[in-house]
Amino acid sequence: MRRRWPCRRLPLLASTFVIILFLDFHLRTNNLPTLVFHRAVPGAPPPPPPPRIPQAPRGEPPVNSSGTGGPAGGVHSTRGPGLKLKDIFIAVKTTGRFHGTRLALLRETWISRTKAHTFIFTDEEDEELSSEGYNLVVTGCQSDHSQQALSCKMSAEYDGFMASDMRWFCHVDDDNYVNPEALLSLLSAFPPDSDIYVGKPSLDKPITAHELLKGNKTREVRFWFATGGAGFCLSRRLAEKMAPWASGSRFEQTSATIRLPDDCTVGFIVEKRLGISMVHCHLFHSHLENLLLIRHRLIPHQVTLSYGIFENKMNSIEVKGRFSREQDPSRFKTVHCMLYPFTSWCP
């Protein structure tokens with residue numbers, strides 16, 4: 001019986017030895033980081049990719065969830081590094097006879113928020129505007145709506161921007177309402193230091209023009225252009241590249257070459273001379289479209305609005321507010337009070 005005892009102890013000793021080894025291994029490795037491996041499960045969706053800052057593809061508008069052009073989420077998009085409203089040169093084209101009507105409405109509404117970097121290009125001196133500190137630029141251009149007069153003012157706008165140190169040039173007419181925050185968000189969605197020409201075409205296809213060549217010959221050209229009546233913007237990098245055809249008297253010369261007005265000339269230079277595609281964005285609006293189609297909930301996301309006579313009746317957005325149609329036919333005051341309800345004159 002005594003001879004068999006060591007044999008009976010062997011399994012117990014072996015088990016004890018294994019337990020000691022296990023505890024030692026555990027104590028040595030319990031400070032190592034834990035690695036978790038995710039196995040693919042058949043039929044399960046792949047893990048989400050890391051977040052990326054959205055960038056607008058060349059020639060295509062940034063699109064939000066509502067299906068309109070512009071950065072995702074309207075005015076809540078990611079802004080580029082350091083871009084501020086004061087970096088945007090806003091040029092307003094007007095004429096002397098509208099200083100007390102159209103321009104007065106803009107001064108009372110959105111220009112009150114952007115006065116320091118909004119420049120009014122006109123054809124008449126105005127002591128009242130100058131004395132109140134507005135950036136008034138008297139161009140010396142004709143006051144009519146001819147191709148020559150329009151191109152003359154656009155040339156002055158371009159040169160005015162190039163003489164500044166601002167990062168974006170935006171043109172609007174005196175019948176446009178500019179939403180400063182929506183404009184800032186749109187431009188902030190584009191990659192910095194890129195070639196951007198963004199606006200809304202008034203046609204559903206490229207315009208056809210006949211470019212004058214030497215020897216009294218012509219060449220047919222087609223290109224997109226952003227209608228000036230809705231407003232458009234150019235990045236500084238692109239504006240600098242336009243200089244051979246746009247600086248000084250060259251803009252009017254280029255306009256005469258295609259025998260089309262100012263906004264068409266900008267599109268011609270960008271698309272045909274530089275080979276850069278326009279970015280189509282439906283957040284810009286002119287009086288040439290049916291403004292009643294803009295939904296009320298989307299109004300705060302629009303970059304520009306307009307008003308005017310369309311098909312022999314008043315054309316303006318449909319928006320509810322304290323101002324009646326008679327008090328506010330353009331609806332600009334109503335929109336302004338929607339965006340800035342604490343304005344002193346808002347009801």
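Which strands does helix H6 lie across, and at about what angle does it run to E1? In this predicted model, local features need pLDDT of at least 70 and side-chain atom pairs count only at pLDDT 80 or more, while totals for chains, interfaces and linings use all residues. Residues are numbered from 1 along each chain as its sequence is written, and side-chain values use heavy atoms, with hydrogens and water left out.

Helix H6 lies across E1, E4, strand E6 (197-199) and E9, and runs at about 125° to E1. Helices (H or I, at least four residues) and strands (E, at least two) are DSSP runs numbered from the N terminus; axes are lines fitted to C-alpha atoms, for helices over the stretch in contact, with angles from 0 to 180 degrees between N-to-C directions; contact means heavy atoms within 4.5 Å.

The open sheet consists of seven strands in the order E3-E2-E1-E4-E9-E6-E10, with mixed pairing. Strand E3 (135-138) and strand E10 (279-280) each have a single partner strand, so one side of each is left without a neighbour in the sheet. Two strands pair if DSSP finds at least two bridges between them. E4 and strand E9 (residues 232-235) are joined in the antiparallel sense by four bridges, and Cys-170 has Cys-233 in E9 as its bridge partner.

The largest nonpolar core has 44 residues, and Ile-88, Trp-110, Leu-183, Leu-187 and Val-198 have the most contacts inside it. Such a core is a set of buried Ala, Val, Leu, Ile, Met, Phe, Trp, Tyr and Cys residues joined through side-chain atoms within 4.5 Å, where buried means under 20% relative accessible area, exposed over 50% and partly exposed in between (1.4 Å probe, protein chains only). Among the elements giving two or more residues to this core are strand E1 (88-93), strand E4 (168-173) and helix H11 (332-339); H6 gives the most, with five residues. Not counting residues up to four places away in sequence, Trp-110 touches Ile-90, Val-92, Thr-118, Val-172, Asn-176, Tyr-177, Val-178 and His-336. Another core, of 32 residues, lies apart from it and includes Phe-169, Leu-238, Val-266 and Val-270.

Positive phi values are found in two loops. Asn-216, in the loop between strand E7 (207-213) and strand E8 (217-223), has a phi near 60° and counts as exposed at 74% relative accessibility. Arg-259, in the loop between H9 and helix H10 (262-273), has a phi near 55° and counts as partly exposed at 46% relative accessibility.
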